[in-house]
Structures are given as C-alpha cells and as structure tokens.
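User: I would like to learn how to read surface patches and aromatic pairs in a model. Could you take me through them one after the other?

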Amino acid sequence: MAPVLPLVLPLQPRIRLAQGLWLLSWLLVLASGLILLCSGHLLVQLRHLGTFLAPSCQFPALPQAALVAGAVALGTGLVGVGASRASLNAALYPPWRGVLGPMLVAGTAGGGGLLVIALGLALALPGSLDEALEEGLGTALAHYKDTEVPGHCQAKRLVDELQLRYHCCGRHGYKDWFGVQWVSSRYLDPSDQDVVDRIQSNVEGLYLTDGVPFSCCNPHSPRPCLQNRLSDSYAHLLFDPRQPNQNLWAQGCHEVLLEHLQDLAGTLGSMLAVTFLLQALVLLGLRYLQTALEGLGGVIDGEGETQGYLFPGGLKDMLKTAWLQGGVACRPAPEEAPPGEAPPKEDLSEA
C-alpha cells in the first residue's frame, strides 16, 4: 500500500524542516501563552460583570474552554521545540523516538479537538450576550434600592461602580431609571403627600421619579450634576431635557458591556484560530520528520534519501483492509463433520 502524501526528505531538507519546526514551535508557544492571558483576562472581567448577566448565560464556558485548549497547545509547542532540536542531535533523539508517536496522536486528537471546541464557542456564544445582558441589567436595576435585603445588599454599589467605570447610565439610557424605584423605602417619608401620590400613581406601588443616581453624572460636564426632575424643562436654568448628554452619560450600559465583551471574545477567537493553524503545521511537520527518521532507523545524519508521510498506507486501502478483517472476524466458521462419521455417499443410478 502506498503511503499517504509521501515526501522525499534527504539530509539537507530534513535539517531545514527541523529548523523551521523549531521556529514554528516557539511561535505556537507564544500564541498559546497569549491565549492563556486573553482567557484569564476575560475570566476576570466576567467575575466582576457576572452580576449583570443572566444566570443561564453560557458565555463563561468560552474562556474556560480556551484556557484548557491554550494549556494543551502550550504543551504541544514545547514538545515541538524539544523534538525538533533533538532531531538535529544524534545523542538527544533516541529518548524521543519511542514517545514522539503517542505525543503526536494525543496532540492531534486532544489539542486539536479542544481548539476546535473553543473556536466554535468563540463563534457561537457571543450572540447570546444580548439577551443575557438584557435580563441581568434589568434585574440589577430593580434591586438597586434593596440595600438591606439579604442577597441584594451589594446591588447598589455594583451598579454605581459599573456606571462610573464604563461611563454608562441605565440599561439603554438614563430614562430606564424613570421606570424603577431606585430610592430605598427606608429613606421615604410616608407622611409626605408627594411621596404618597407618587406611590399611588402606579399599580406596582413604587416610588417613581424622573431622576437618576449620582453615578449617571458625567464629571466632565461644565455644570453641576442635575439628577432630579429631568423631564421638566423649567426646573433647571439653561437645561434642555432633549439633550441630556451635556450632563449625563450618553450610552446605556447594555450597549457598552455588549461591545466590550464581544471585542474580548473576538480577540480570543482570533488567537484561537492562529494557534490552531500553528499547531496543525507543527504536528504535520513533526509527523513528516518522525517518519523520515524512522525510515533511516533513527539515524540522524543518514545520507540516504527517505520518505516522510502521514500514514503508512492509503486511506482507501486501510479502510478496505479493516472492513475485510472485520467481515472475516464476524463471519461464522463452517461446521465440520464429526471425525467418526463419514460423509454420506450418493446412490449411483444403475446403468
């Protein structure tokens, strides 16, 4: 059976192949290290922003899978560095001869599979962020006032830090605060008629105002922060409620966080694609180098020509042989007559 994709490799081409593999392996180590950094950074970001994602969001699976795939790719790159260096030194190659084959199989099946899974997640999961942020931010805004409710005590601090850090206000804009009660009932005077009227003005019994928390204020605004009565054009001097960007953050937190997380996922996906390509080249090169050296009996400086290949026989012949062997194994053996009995003789017709 003819080998699959054979390549003639004399001494000098083998040396150049080993040198090129050494360089590619270091590039693979660098790319996988960047994957570890990017996935670790994304995990840290999600740890801080997890409050604003829906509990059912599967996006955190992306950096987790990328972290494992990057670690395996890093190991593959280090193996490539060592094997390519050893293939240029007769004293270093013998220990690699017995383990290089299993390492190639593990790197192809395990490392390649993990990279494909992580790359698939990088393409699929960012699309689920829209709904996850919509639900998570809505819940966070609704619990902003619950500073003394167990399980939600930190909601106000987290939302304020989010708006100050990412320069955003509300879910889609500052008017989102008009539809939620963001002032704790502890600080409301039940004897105040204005408070009573506002609570009775909606079926939910919430204290709703046309104001926003202080964290929505833009410190770069030249005028003092205006937080209350933002719908009343006569409440503040020289203030146009149709242009609140002069005083408040312009964007909603949904758009800001969606763009931020999708950018991180896009960068991680690009690194995964580059690493997958580098790992494929390293594994292919190591396979050709291994089979070429095995053809010379492991002699590094053999002058004769030898062939490197991917598989020792054609795929069609290998599958055909496996099929025939399986068919023979499953075919029942013919029944043999007992040794004491002679086969029956046919009666000859009389002439």
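**Surface patch and aromatic pairs**

Analyst: On the surface, Trp22, Leu23, Trp26, Leu27, Leu30, Leu34, Leu37 and Leu78 form a nonpolar patch, with about 790 Å² of accessible area together. This is a predicted model, in which local features need pLDDT of at least 70, side-chain atom pairs count only at pLDDT 80 or more, and totals for chains, interfaces and linings use all residues. Residues are numbered from 1 along each chain as its sequence is written, and side-chain values use heavy atoms, with hydrogens and water left out.

User: Which helix gives the most to the nonpolar patch?

Analyst: Helix α1 (residues 11–49) does, with 7 residues. Tryptophan 22 has its place in this helix and is partly exposed, with a relative accessible area of 40% (buried means under 20%, exposed over 50%, partly exposed in between, with a 1.4 Å probe and protein chains only).

User: How is a pair of aromatic rings described?

Analyst: By the distance of the centres and the angle of the planes. Rings of Phe, Tyr and Trp (its six-membered ring) pair if their centres lie within 6.5 Å, and planes under 30 degrees apart count as stacked, over 60 as edge-to-face and the rest as tilted. There are 5 aromatic pairs in the structure. In one of them, tyrosine 144 and tryptophan 177 have ring centres 5.1 Å apart and planes at 70°, so the pair is edge-to-face.

User: Are tyrosine 144 and tryptophan 177 buried or exposed?

Analyst: Tyrosine 144 is buried, at a relative accessible area of 2%, and tryptophan 177 is likewise buried, at 0%. Tyr144, Trp177 and Trp182 form one aromatic cluster.

Key
Patches are made of residues with over 30% relative accessible area and no salt bridge: like charges are joined within 9 Å, nonpolar side chains (Val, Leu, Ile, Met, Phe, Trp, Tyr) within 5 Å. Accessible areas come from the Shrake-Rupley method with a 1.4 Å probe; for residues, only the protein chains shown count as cover. A salt bridge is a side-chain nitrogen of Lys or Arg within 4 Å of a carboxyl oxygen of Asp or Glu. Helices (H or I, at least four residues) and strands (E, at least two) are DSSP runs, numbered from the N terminus.
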